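Hi everyone, thanks for coming.

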Amino acid sequence: MTEPPNPPPYGQSQQQEALPGCWWHPGRQTGLRCVRCDRPACPDCLREASVGHQCIDCVTSARQQQRAQAEAYRRAGYGTRTVVGARVPQRVVVVPLLIAINVVIYALTAFQAGSVMDNHLSPVFEDGVLWPVAVVLFDEWWRLLASGFLHYGLLHLAMNMLALWVLGRDLELLLGRIRFLAVYFLSMFAGAVAVFVFGAADTATAGASGAIYGLMGAVLVAVLRLRLNATAAIGIIVLNIVISVSLPGISLLGHLGGLVAGALAMIAMVFAPERNRAAYQAGAVAIMAAALAGLVVYRDAELFDQLCFHPVLCGF
């Protein structure tokens, strides 16, 4: 009787034969298993998990489940929120859209007027410019908002759109799209109301400057709320106010009206209590809009009495 020169230890051959094959590679014997499904798996088919190792199928299934849960979480209104309670948008959409609208309207007025710089001669421009006399005598209320999309010449448009792009991108990410639009249009309306209430009745004004200054005020409030260095924001606002005062033909009233409204709206956004935050924010914006509308009604009655000193002027 003969024996192999190096016989295996007792029981080793039986253990090797008892090892199962990998679930995905049956020809590979393995003593490892997935901690989730308990199926045998070779090292190539296992991935490290928080506890032990999981097979490739379980890892893929877990990732799909996590994505589905995250999507359901976002649809339910939850997710990453900013300081104002807005969900962080994936990209900036509103600011480029507003810029595009302003550019298209300017192109239309320039085409109608046949001039890039004298586009104010366009019929569309004349029907939309903020002229208090037309608002009072002909009830053309749309001028209070339409004038915010009109600009005197290419330089006026370029300066406002550049400012909108620089200021608006970060604010849209902070506020979200709905809140950003609320601050923008409230500031635009406030600038027009300031001109209508405190300005000369026979002076025509136009431009998105009221909304732009509102964004400046909103940026300043946001910087203070986030406890960032406010020197640059304050410097930009002061510089623009100095320019508004120094250069002729610039509506200081429209700028200041937009600045104050934007700052107040942003205060309501960032300091609203967390509980029922959206309701507080919407209520504050609605109250401000109602107050501005009240000023318009009051000024309209006042100007009507001043302008209608003769019945023929008012169609009586």
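Let's begin with helix α7 (residues 153–198) and helix α11 (residues 277–307): their axes come within 10 Å and cross at roughly 20°. Before going on, some housekeeping. This is a predicted model, where local features need pLDDT of at least 70 and side-chain atom pairs count only at pLDDT 80 or more, while totals for chains, interfaces and linings use all residues. Residues are numbered from 1 along each chain as its sequence is written, and side-chain values use heavy atoms, with hydrogens and water left out.

A helix here is a DSSP run of H or I with at least four residues, numbered from the N terminus. The axes are lines fitted to C-alpha atoms over the stretch in contact, and angles run from 0 to 180 degrees between N-to-C directions.

Who touches whom? Contact means heavy atoms within 4.5 Å. On the α7 side we have, among them, Leu186, Phe189 and Val193, and α11 brings residues including Val285, Met288 and Leu292. By class, this contact has 16 nonpolar, one polar and three charged residues. Nonpolar covers Ala, Val, Leu, Ile, Met, Phe, Trp, Tyr, Cys and Pro; charged is Asp, Glu, Lys and Arg; the others, Gly among them, are polar.

Next, α7 with helix α8 (residues 209–225): the axes come within 8 Å and cross at roughly 60°, so this pair is oblique. The crossing is left-handed, and the contact has 16 nonpolar, seven polar and no charged residues.

Now helix α10 (residues 252–270). It packs on α11 at about 155°, axes 8 Å apart, which makes α10 roughly antiparallel to α11. That crossing is right-handed.

Cys58 is buried at 9% relative accessible area, and Cys37, at 28%, is partly exposed (buried is under 20%, exposed over 50%, partly exposed in between, with a 1.4 Å probe and protein chains only).

Technical notes. Helix = DSSP H or I, 4+ residues; strand = E, 2+ residues; numbered from the N terminus. Parallel < 35°, antiparallel > 145°, perpendicular 65-115°, else oblique. Left-handed = near helix turned anticlockwise from the far one by under 90°.
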